[in-house]
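Please have the sequence and the model open while reading.

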Amino acid sequence: MKRFWNKLSMARCTCPRGYKGKYCQDIQFCELQKCPMNATCQNLDAGYECISNMTFHDDKEPLVFTFDEPDRKDVSMDTIEISYRTKFGGTLLYVHDGDMYFEISTIRQLVTISWLLSGDLPETHRFERELAGDDDSYDWHTLLVKVSQGGKLEAGWKGWETAIDPQPSLTADIDYFAFRHLFSGRQQIYIGGMPEMAHIENNSVVSGGIDKGSSFKGCLGETRVGGFLLPYFPHELIYPDTFNLTQGHFKLNSSQPEQGCILCFQQSCKNGGICSNPSEQYACECPAGYESDDCSQNIDECLSANCMNGATCVDGVASFTCQCLEGYEGQLCEIEINECESNPCHNGGVCQDLLAGFACTCTEEYAGPQCDVFRLVTCDNMPCRNGSRCVDGYNMTTGNNFTCTCSAGFAGPLCDKPFCQEVPCQHGTCDTEAMIPKCICEFGYVGMYCETEVNECESAPCLNGGQCIDFVNEYRCNCTGTGFDGKHCEHDINECLQERISCGGRGHCINTEGSFRCHCEEGMCGKDCAQSDPCQLNPNVCLNGGVCVEDCDRERRYYCNCTGGYTGVNCSEQATLEAEEASGADIALIVVPVVIGILTIAGALIGTFLVMARNKRATRGTYSPSAQEYCNPRLEMDNVLKPPPEERLI
């Protein structure tokens, strides 16, 4: 019998696939089941799990996980482990229940852990990762957070916990029981962002606080809470219907994410850049003329150009152009133009080359800049073209014996050239086919030579204090800092919704035109309801029945609505004093004009009286036929016809 047991102990079992051990008693689940999409399978005591990487875009919703505990036992989730790789950052993990929340976010080398648990105010703690040699900002990193029952939170980069003398990057006090309530398996866990209506405070470091809770952009690897893996596949895709998972596990409650790690996003590449190796490199491969990670920067070739002779360099895309001064040509404006090569002097004239011009020495028979005007030509020969007016007389400028006054649209000594061929249109084309030549201007320019740019900002199109920026044939409104948006800054921004203003948790946000205000709980005031109401602290600050009104966002922090008859900051001054104590200058302004008016009227009356009196005295004792005839028109004929007594005696 003993020999039989010795032989039995020396026997070896050949195990079928999926089992191992001396007696084939250990199940190797990963040999019996296959993880989807080349995920790594890892055996557990009572099952298996599938570990993979995934890519988050900043326009995607976060992943939502719920915990399933078949035995309904209390679980202890005191550790959080997250592996990630990112250039842009965002929220890594978020859990909340009502006003309570716990969040882990990152941007560049900075990690932020914030929470609002049993206290009245949120807490925020941050630590940075030190770069090792070359910039390893975009490599894989694993973050480990541990919370002890003594109410101590420790966090750092994985590995610190196994050191002989553990030195975490962050140590902080935390309410252990409130933390355990959030991570009890009853609350949903969000990865790569947070729900849209989550309760948040404005204290995140992501983009200065404005993008708190912003979606994560980058790659996430193995993520565990309390040692339990958060899988990136739906439960039914990992475990077939015939498999009964008996231990606690997390389930993905949202759509399946994009598997694998993608670092370069094609939509981030500008100006024709491409992601040549998106799984290994963040930077876009740029076409000629552009640089930077996203190909957004145009290379200024003028920095290395060598334009000569005062030329102006104009940068292009992977090229440059030298704008030469008059008289020069060539790619670098290195060649002086010989204007005499085209033989501009006619009729035997001798050409002398000048810088950007030439001079003709004409024979005695000809004159003009190019010796093409016969000296004996006069207005009788009708030399002026296109209906222009001719005046005889020597012209010292042209050397002609006449002068042409050109009609509209024409120029030149003989008015035979369109004016815009003599002087080119600056921002347009010369229309020589029209009856009267003219410059057809490009959009945004006016003027005879299209030399004036139209200023679209003159009409003040930007509203509500927006700054108008003029461009060629367009304008843009800069609404920054106005509280409005839209093409013309016409739409009021609802800061309460857009910026998720919480008023410090001690009030509610009310949107106003161009801004917002917080309606605070009694006794508090200010934009964050973080200040004590001065009217509550000192109810009698306004005297004489005045009413105190809090104005905490201004320097004085309150103002008084005074009753009738009082004024001043605290209603301590009588308003009637101002009228009673009017200055002498004010009295003079009223009295002096009245006195001057009375004296003027009196002077006018006295003058009129004196004139009438003088006229009456001047006419007294003088003969006035018209007056006598008017007063006594009848003649006494008896006195006129009767002869005197002496005449009757004769």
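Is Cys441 buried, partly exposed or exposed? Cys441 counts as partly exposed, because its relative accessibility is 26%, between the 20% and 50% cut-offs. The model is a predicted one.

## Cys441 and Cys450

Cys441 is bonded to Cys450 through a disulfide, with 2.1 Å between the sulfur atoms. The torsion about the S-S bond is -90°, so the link of Cys441 and Cys450 falls under the 2.5 Å rule for a disulfide and is left-handed.

## Cys286 and Cys295

The handedness is left, with -95° about the S-S bond.

How accessible is Cys286? Its relative accessibility is 26%, so Cys286 is classed as partly exposed. Cys295 has a relative accessible area of 0%, which means that Cys295 is buried.

## Cys542 and Cys560

Cys542 and Cys560 are also joined by a disulfide, S to S 1.9 Å. This pair links distant parts of the chain, 18 residues apart. Cys542 belongs to the loop between helix H7 (534–537) and strand E45 (547–551). Cys560 belongs to strand E46 (residues 557–561).

The torsion about the S-S bond is -80°. The link of Cys542 and Cys560 is left-handed. Both cysteines of the pair, Cys542 and Cys560, are buried.

How many disulfides does the count give? The count comes to 28 disulfides.

Cys13 has a relative accessible area of 44%, so Cys13 is partly exposed.

## A negative surface patch

Which residues form the negative surface patch? They are Glu329, Glu334, Glu336, Glu341 and Asp353.

Strand E24 (residues 335–336) contains Glu336. The relative accessible area of Glu336 is 44%, so Glu336 counts as partly exposed.

Key:
Residues are numbered from 1 along each chain as its sequence is written. This is a predicted model: local features need pLDDT of at least 70, side-chain atom pairs count only at pLDDT 80 or more; totals for chains, interfaces and linings use all residues. Side-chain values use heavy atoms; hydrogens and water are left out. Buried means under 20% relative accessible area, exposed over 50%, partly exposed in between (1.4 Å probe, protein chains only). Helices (H or I, at least four residues) and strands (E, at least two) are DSSP runs, numbered from the N terminus. Patches are made of residues with over 30% relative accessible area and no salt bridge: like charges are joined within 9 Å, nonpolar side chains (Val, Leu, Ile, Met, Phe, Trp, Tyr) within 5 Å. Accessible areas come from the Shrake-Rupley method with a 1.4 Å probe; for residues, only the protein chains shown count as cover. A salt bridge is a side-chain nitrogen of Lys or Arg within 4 Å of a carboxyl oxygen of Asp or Glu. Lys and Arg count as positive and Asp and Glu as negative; His and the chain ends are not counted. The place of a charge is taken as NZ of Lys, CZ of Arg, CG of Asp or CD of Glu.
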